[in-house]
Amino acid sequence: MALALMGGVASWAQSVVSVTDTTGWNAWTKSDLTLMSDPGSDQQTGQGADDFVSAAGAPGFYQKAGTIGGASHLLFRARFDKYDGPDQWGNGGNFGIGMDLNGDGALDLILMMSESSGNVNNRSRTLTWGDPGTGANTGPSTTSWAFPTQTATALVVNTTYDAVQATDSTVNGTSDLLLSFAVSFANLQAAVRAYTPFTTFTMTYDTRITYIAFTSTQANSLNQDLFGTTGNTNSSLTWAQLGAITGPADAYGVVPEPATYVQMAALFAAGTLVAWRRRRCLSGVVGRTGPAA
Ligand SMILES: [Ca+2]
Ligand SMILES: [Ca+2]
Ligand SMILES: [Ca+2]
Ligand SMILES: [Ca+2]
């Protein structure tokens, strides 16, 4: 990937990317840039394949962005405790990513990756969007969601889905799994506009989103493992109190240093980060989210 200077601010040029990439991934961090991690054996239902893990030098969650088939995509990659074989992960599992789009700590959208059960060669993997309920949605005990419309997108092995053995960790003495999937900017943008008050939301490489990740046995619950904290899948604490939510990451998964906010705000009076800060303060409606990368 080439680093370009655009208007004095470093910005990653858009590159062709793949779920099978071995480089260019950014590990999830909190707002203070602390690396997020997750222990083994804290998932709640006994399936090691659904247990987020991390190890020294082997982060548990990564993100990147770029083009797949000419369309811009977000790519997510998680490390799990148990590797069962090529392209095997869920066997009926659900892997959710919660998104806070305006920095108020409340989830606005759920991206759910689900894998059907049975013979791995016959499984389907799909993406669907969850619409959070009327609760606060600021932590495990206050969050719910439903799937009001069918917007399932099929994932394709080696293109938008990949599950391979990790070569850099063996947590719990067993082989670990790196599971990756991709979602297009267009798909995310349409879901935001359909399910949230942010009806003019535009997804760009600079758009800042904060994330949580979890696994579950049912698509409408969080009952296996919450990434970034030990247990706590029913906690009444907030995502931030649990250390389970990222900082405001751009599409590449990069969270700016706190000082960068001030610096960039001075450079771009109407830019992405100013809009972000304003939204954080006022919890207002998101408008245009800044210049394209
Ligand atoms: Ca875990
Ligand atoms: Ca929110
Ligand atoms: Ca393992
Ligand atoms: Ca956990």
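Predicted model: local features only at pLDDT ≥ 70, side-chain atom pairs only at ≥ 80, totals over all residues.
Local features need pLDDT of at least 70 and side-chain atom pairs count only at pLDDT 80 or more, while totals for chains, interfaces and linings use all residues. Residues are numbered from 1 along each chain as its sequence is written.

Seven of its seven residues are buried, so strand 13 is largely enclosed by the rest of the structure (buried: 20 or more other C-beta atoms within 10 Å of the residue's own, with C-beta atoms placed from the backbone). T210, I212, F214 and S216 point one way, and Y211, A213 and T215 the other. Strand 13 pairs antiparallel with strand 6 (residues 94–100) over seven bridges, pairing being called when DSSP finds at least two bridges. Strand 14 (residues 225–226) is also antiparallel to strand 13, joined by two bridges. T215 has F95 as a bridge partner and D225 as another.

As for the core (buried Ala, Val, Leu, Ile, Met, Phe, Trp, Tyr and Cys residues joined through C-beta atoms within 7 Å), the largest one has 62 residues, with L109, L111 and F227 making the most contacts inside it. Its largest share, six residues, comes from strand 12 (residues 177–184).

Strands 11 and 12 share five bridges, with Q165 partnering L177.

Methods. Chains lettered and ligands numbered in written order. Buried ≥ 20, exposed ≤ 12 C-beta atoms within 10 Å, placed from the backbone. Helix = DSSP H or I, 4+ residues; strand = E, 2+ residues; numbered from the N terminus.
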